[in-house]
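Subject: Structure for you to look at

Hello,

Here is the structure I promised to pass on. Please open it next to this email and follow along.

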Amino acid sequence: MSKKPATPPVKTQPPKGSASGTAGLTNVATLRANARKNIDKGAITGTYAADKATVIKLLNEALATEYVCVLRYMRHYFMASGMLGDAVKAEFLEHAQQEQQHAHSIAERIVQLGGEPDLNPDTLTKRAHAEYKEGKDLRDMVKEDLIAERIAIDSYREMINYIGDRDTTTKRILESILAQEEEHADEFADLLNGWIRK
Ligand SMILES: [Fe+2]
Ligand SMILES: [Fe+2]
């Protein structure tokens, strides 16, 4: 490959009225005018590139999943007993609180997008990806929780891939939740492997 001849640096002047001095970006006057249109839409401006209705629908499914996970973890927390019970109990409670926090972030984002969080308990388990499994003993509870986390991991990854860069805020929220679901799954996989080796 031949090297390009060195060209002297050219001092480029930012386009007049440019927002950031970078060519290709909207100029200040247009940016200001656009912001004044549809102010009832709050944080959602004309440059929002995703299909909002679909994103809200996906977020509501994730919200249902998180609440089913909160309930399952709380059930496991109260029912855990036996030798390892106390240590695993703490884990169940921590996960329940973290799933609640995930639900909180998702519900907030739904409202920001102009949607409504669906918290109807009558249809919760049907709308959730993960299942509400009580588990017959401590090990069974951990196994069911690991399965639920693996379901959540796959569904969050699919959502992130679907949204891509069309809604970077939602994508970032889902990415941080996914990272925590992976931690949850990893903790339970370690626990189960420890039991299997014994
Ligand atoms: Fe979660
Ligand atoms: Fe989780």
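Below is what I found, going from the whole chain down to single residues.

**The model as a whole**

This is a predicted model. Its average pLDDT is 89. Of the residues, 88% score at least 70.

One stretch needs care. Over residues 9-19, pLDDT stays under 50. The model has 13 contacts beyond four places in sequence for that stretch. Where pLDDT is low, predicted coordinates should not be read in detail.

**The layout**

The protein has six helices and zero strands. Read from the N terminus, the order is α-α-α-α-α-α. There are 198 residues, and 26% of them are buried.

Now look at the contacts between residues at least 6 apart in sequence. Of these, 66% join residues at least 24 apart.

How many of the nine residues of H1 are buried? The count is zero, and H1 is hardly covered.

Asn38 follows H1. It sits in the loop between helix H1 (28-36) and helix H2 (52-79). Check its backbone: phi is positive, about 50°, although Asn38 is not a glycine. Is Asn38 buried or exposed? It has 11 other C-beta atoms within 10 Å, and a residue with 12 or fewer counts as exposed. So Asn38 is exposed.

Two packed helices are described by the angle between their axes and the distance between the axes.

Start with H3. The axes of H2 and H3 are 8 Å apart, and the angle is about 160°. An angle over 145 degrees counts as roughly antiparallel, so H2 and H3 are roughly antiparallel. H2 passes H3 in a left-handed crossing.

Then take H5. The axes of H2 and H5 come within 11 Å and cross at roughly 165°. These two helices are therefore roughly antiparallel as well. The crossing of H2 past H5 is left-handed. Which residues make the contact? From H2 they are Val55, Leu58, Ala62, Thr65, Cys69, Arg72 and His76. From H5 they are Met141, Asp145, Ala148, Ala152, Ser155, Met159 and Ile163.

An α-helix has 3.6 residues a turn, so residues three or four places apart point the same way.

**The core**

In soluble globular proteins, nonpolar side chains tend to be buried together. Here the largest nonpolar core has 34 residues. Val55, Leu59, Leu63, Ile106 and Ile110 touch the most other members. The elements that give two or more residues to this core are H2, helix H3 (85-112), helix H5 (138-163) and H6. The largest share, 11 residues, comes from H2.

- Val55: leave aside neighbours within four places in sequence. Val55 is then in contact with Ala50, Leu113, Ile163, Asp167 and Thr170.
- Ile110: this residue lies in helix H3. It has 22 other C-beta atoms within 10 Å, so it is buried. Ile110 and Val55 are 55 residues apart along the chain, yet their C-alpha atoms are separated by 8.4 Å. Beyond four places in sequence, Ile110 is in contact with Ile56, Leu59, Asn60, Leu63, Gly115, Glu116 and Pro117.
- Val68: find this one in helix H2. It has 23 C-beta neighbours inside 10 Å, so it counts as buried. Not counting residues up to four places away, Val68 touches Leu124, Thr125, Ala128, Ala130 and Tyr132. Val68 and Ala128 are 60 residues apart in sequence and 6.9 Å apart in space, C-alpha to C-alpha.

Finish with Ser176. It is placed in helix H6 (residues 168-197). Why does Ser176 count as exposed? It has 12 other C-beta atoms within 10 Å, and the limit for exposed is 12 or fewer. Ser176 and His102 are 74 residues apart in sequence. In space, their C-alpha atoms are 9.2 Å apart.

Best wishes

Definitions and conventions:
Residues numbered from 1 in each chain as written. Chains lettered and ligands numbered in written order. Predicted model: local features only at pLDDT ≥ 70, side-chain atom pairs only at ≥ 80, totals over all residues. Helix = DSSP H or I, 4+ residues; strand = E, 2+ residues; numbered from the N terminus. Buried ≥ 20, exposed ≤ 12 C-beta atoms within 10 Å, placed from the backbone. Contact = placed C-beta atoms within 7 Å. pLDDT = per-residue confidence, 0-100. Core = buried A, V, L, I, M, F, W, Y, C linked by C-beta atoms within 7 Å. Axes fitted to C-alpha atoms, helices over the stretch in contact; angles between N-to-C directions. Parallel < 35°, antiparallel > 145°, perpendicular 65-115°, else oblique. Left-handed = near helix turned anticlockwise from the far one by under 90°.
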